[in-house]
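I opened my notebook to look up how the chains of this model touch one another. Here is what I wrote down, page by page.

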Amino acid sequence: MTPAPAPEVLSAPLAVEFPFTRSLGPVQSAFLTGLRERTVLGVRTADGRVLLPPVEYDPVTAEEIRDLVEVGTAGTVTTWAWNPAPRRGQPLTTPFAWALVRLDGADTALLHALDAPGPDAVRTGMRVRVRWAGERTGAITDIACFEPYESEPDPRGAPHDGEFADPVRGIVAPARLDYVYSPGRAQSRYIAALAGRRTMGERCPSCRKVYVPPRGACPTCGVATEEQVEVGPRGTVTTFCIVNIKAKNLDIEVPYVYAHIALDGADLALHGRIGGIPYDQVRMGLRVEPVWTEGGRYPDHYRPTGEPDADYDTYKELL
Amino acid sequence: MNPRRVAVVAFAQTRHRRRSAELSEVEMLMPVLHEVLAAVGLRTGEIDFTCSGSADYLAGRAFSFTMALDGVGAWPPISESHVETDGAWALYEAWVKLLTGEADTALVYSYGKSSPGQLRDVLTRQLDPYYLAPLWPDSVSLAALQAQALIDEGATDERALAGVAARSRCAAEHNPHAQLAGSAAPDALLDDPYLVRPLRRHDCPPIGDGAAAVVLAAEDTARRLCPRPAWIRGIDHRIEPHGLGVRDLTRSPSTRLAARHAGLFDDDAPPVDTAELHAPFTSQEVILRRELRLDDDVRVNPSGGALAANPMMAAGLIRLGEAAARIHRGESHRAVAHATSGPCLQHNLVAVLEGEA
Amino acid sequence: MSKEPIAVVGVGQTKHTAARRDVSIAGLVREAALRALEDAELTWADIDAVVIGKAPDFFEGVMMPELYLADALGAVGKPMLRVHTAGSVGGSTALVAANLVAARVHRTVLTLAFEKQSESNAMWGLSLPIPFQQPLLAGAGGFFAPHVRAYIRRTGAPAAIGSLVAYKDRRNALRNPYAHLHEKDLTLEKVQASPMLWDPIRYSETCPSSDGACAMVLADRAGAARAPRPPAWVHGGAMRSEPTLFAGKDFVSPRAGQDCAADVYRQAGITDPRREIDAVEMYVPFSWYEPMWLENLGFAAEGEGWKLTESGVTGIDGDLPVNPSGGVLSTNPIGASGMIRFAEAALQVRGRAGEHQVEGARRALGHAYGGGSQFFSMWLVAAEPPAG
């Protein structure tokens, strides 16, 4: 038995990023369009409370609420927290306070940034007002932040029909999260062996099946695989499909053959691309071998070995 | 008709760590599954129902739980489910399954690796996607808003919060699974700078990776598997509105309500001696103690709680497991365990556990 | 202790479509929930708990969106549970909700599943890059196409079977006002002439990407007695899982699916599903999965499923109608698709399926699957309450 080598811990950056397209519905549409027009709209519940920011459904009764009310642009801090080190995407790049602000005429508070010289300049109960962003598009960030503003509370709210020219119906919300991906012990061993153009499977100590690529556990026995078993390099195409649509994020010309390949000595098939043969001549049972390219982490593709096709009965259990 | 009695009969967890880059999720989880099953002498095939909790966003991998299933050995196929939240809710789902009588045993597990991402940023994706998420308000800042409201109310102060931190981390010195153990005295802690005022680093949970598992069993099966089962006398969970400005952040009505439905305040209920509270931030312990009406006689978080180790999606299940383990060991007769989910204690679960009366 | 019988007393769904630009995520789920409440003639206050399901959170870019949706679903002050079991989630979610009633934890439960796929792009959501792994494929079609080829090889099914299923389901969808695709001019020839995307799967044999939600109100026996319209009674429900990939896995007819069906039939006292079940709502995202699941679920012997399809048995006027609603091939808000199967099965036995009603349906099967053909959930509903 070959003992498992101590794996070097692999890691690589992984960015999960997408510009989500969000439709708003009528209440949120009115609120965000209002911000673009420097107008702040709340929504009135059946019992007369004005919720700001306006939600579509009453948190207490669950009833739909659409009765819009224009509230003031000045308000009172109900609680706050001093953020000395702003993070990516937050409203201000210099130290600021997060604050819940109850705008005049509203009964609930809105979360946003409060620009203040330092924590000593912030307290619960202080008066603030909206500082509008220079360029407004109909988004919560049309409020650049709040700023200190001495004034008397003016609790009056005025009904508003929520109608604006060219209303904002949707927003694009780009979101990017950065991760550092590590594949773990078993896959690190597998990837390390591939660097020497060797495909190493791992044998389950219980059922004795050889897993390629190994994923850390024999999934049917629920125990770690460790014993290293070199498999291939040749194998058999067990099944495949011909891919005719080009995926945006893939640099592979279509059509191409995506195949399940049972490498000799492995107890299940791995996936690869078939080349070196016209796509419409690929068949189940075709014998193939890997083709490596300079610097490639994986075989670029598999090509026919020229051996006779494998008999169906020899691989049907691997389908 | 009396419902079936269901108990926690075994509990296991990882030694929680800041990072575990050398292990995939299944590699981290599997030893815990082996340990918890060994404790009751069962194999996967002898478990009637399996339920897990995890969240794709933590490590940035969709369907992460499908790979974690490799560690269970789900062959022949098993009766299995998954919740996209803390494993405490997986335990709840399993408890319901056992109550139906369709299962006598259940394996519950959960895991989370926070180390691959920036957890404070990741959790902003839990917020309302129109008004809140675009501002990227991080989890520490939201907890700080809640803490300040509590201080303004006069319910606590920074010195008292440091006391919670010191007590929790000193308790964790007896917990071999803790990520953080030991603490300077509260007054010394106050010399540290703020992370997000009014919270200092000691007020916040460590960020880390970990997994946990429990086995549930009903009636005679529980007695057979465990000399002193931790019977679930009641368990319930409740959610609050999402908007932070709609809620009174100094209160947790959902915790109070869940506790009532779990039987914590029943007239005939003897008092609890132990509480395992899922309070990732010191200020949240203050809120939870008040809502659960815990007096000073109750040992709160003898494990060190989430301030000692807070593997996301597992930390709530661990509270239930720690409370049960104390009953198993005879160190508690009656305990309350709590788990939370969402920003500023939005969603709360409460369970009352007790040893054989 | 016996279980409490479970009744489906309300069903609601949205008009499924490629993009619901007029509503927020909350507005979308709300629409289905309200329709289910209206069907049951209940109000938010009557609901004890909410059980919600959806597929990966990356689809909408909201982590654990149930937190944000609590208000819209009237869940404040109530228990709210979020289920995620990949593509089978809509079915699993309904079963978790059903267990709350069966266990007598709650009497009236709202269960709902949704996906608003227009917020992102399913191809992106399903194919996030993974470092160190060779990018070979994007989307689900390429994943499942090799298994379809394996089925064809194993059974000798004629190549046209896939197009028959697609044509049938899309025609059925014309009778279902909630279905996403309403292709009035579709002909079998057009299906057969549509481009091969992932040979042997053609474009017209694949499911669309939809925005949609589906909801049901489940109640106990007393709730059923008060219901204004006939309920559907749950006679059996089960989930089964097996690993994603393993040595010896049968992707064509996974054992988890066979076991799950067998468990449901046992609970419901069904010994001959082909004769005793009147309608099937089966999770068929690619047309060939109809014959494959017919075998997997015990409606046909191994290798014989395609013959039922070919001979018209699975047509809406056939002996065993499959997907009278038009199925996943006509409507696919991923996380909701399983629940739509469960709900459509309930509509059939309630006699409330409208234009796509199967005459005299008394027993119907709802089926969902997900992941790498590894997670299965099913229920059997009937017009009559269970015995006992």
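**Ground rules.** I began with strands: two strands pair if DSSP finds at least two bridges between them. Helices (H or I, at least four residues) and strands (E, at least two) are DSSP runs, numbered from the N terminus. I noted that this is a predicted model, where local features need pLDDT of at least 70, side-chain atom pairs count only at pLDDT 80 or more, and totals for chains, interfaces and linings use all residues. Residues are numbered from 1 along each chain as its sequence is written, chains are lettered from A and ligands numbered from 1 in the order written, and side-chain values use heavy atoms, leaving out hydrogens and water.

**Strands across A and C.** I found strand 15 of chain A joined to strand 5 (residues 196-199) of chain C by two bridges, running antiparallel. In that strand of chain C, C:D199 is the bridge partner of A:I242.

**Chain A with chain C.** I looked up contacts (heavy atoms within 4.5 Å): 61 residues of chain A touch 57 residues of chain C. Buried area is the accessible area (1.4 Å probe) that two parts lose on being put together, summed over both. Here that comes to about 4,800 Å², with 61% from carbon and sulfur atoms.

Next I looked for salt bridges (a side-chain nitrogen of Lys or Arg within 4 Å of a carboxyl oxygen of Asp or Glu). The rule finds one across this interface, and C:E119 and A:R22 form a salt bridge at 2.6 Å, N to O. Several elements give two or more residues to chain A's side, including strand 1 (12-23) and helix 1 (25-36). Strand 1 of chain A gives the most, 10 residues.

**A sheet in chain A.** Which strands stand at the edges? I noted an open, antiparallel sheet of three strands in the order 13-12-14. Strand 13 (210-211) and strand 14 (227-231) of chain A are the edge strands, each with a single partner, so one side of each lacks a neighbour in the sheet. Strand 12 (residues 199-203) and strand 14 of chain A are joined by five bridges, and A:E202 stands opposite A:Q228.

**Chain B with chain C.** I counted 60 residues of chain B in contact with 52 of chain C. The two chains bury about 4,800 Å² between them, 67% of it on carbon and sulfur atoms. In chain B, the residues losing the most area to chain C are B:Y57, B:E84 and B:I239, together 14% of what that side buries. The rule finds one salt bridge across this interface too; C:K3 and B:E102 make a salt bridge with their closest N and O atoms 2.5 Å apart.
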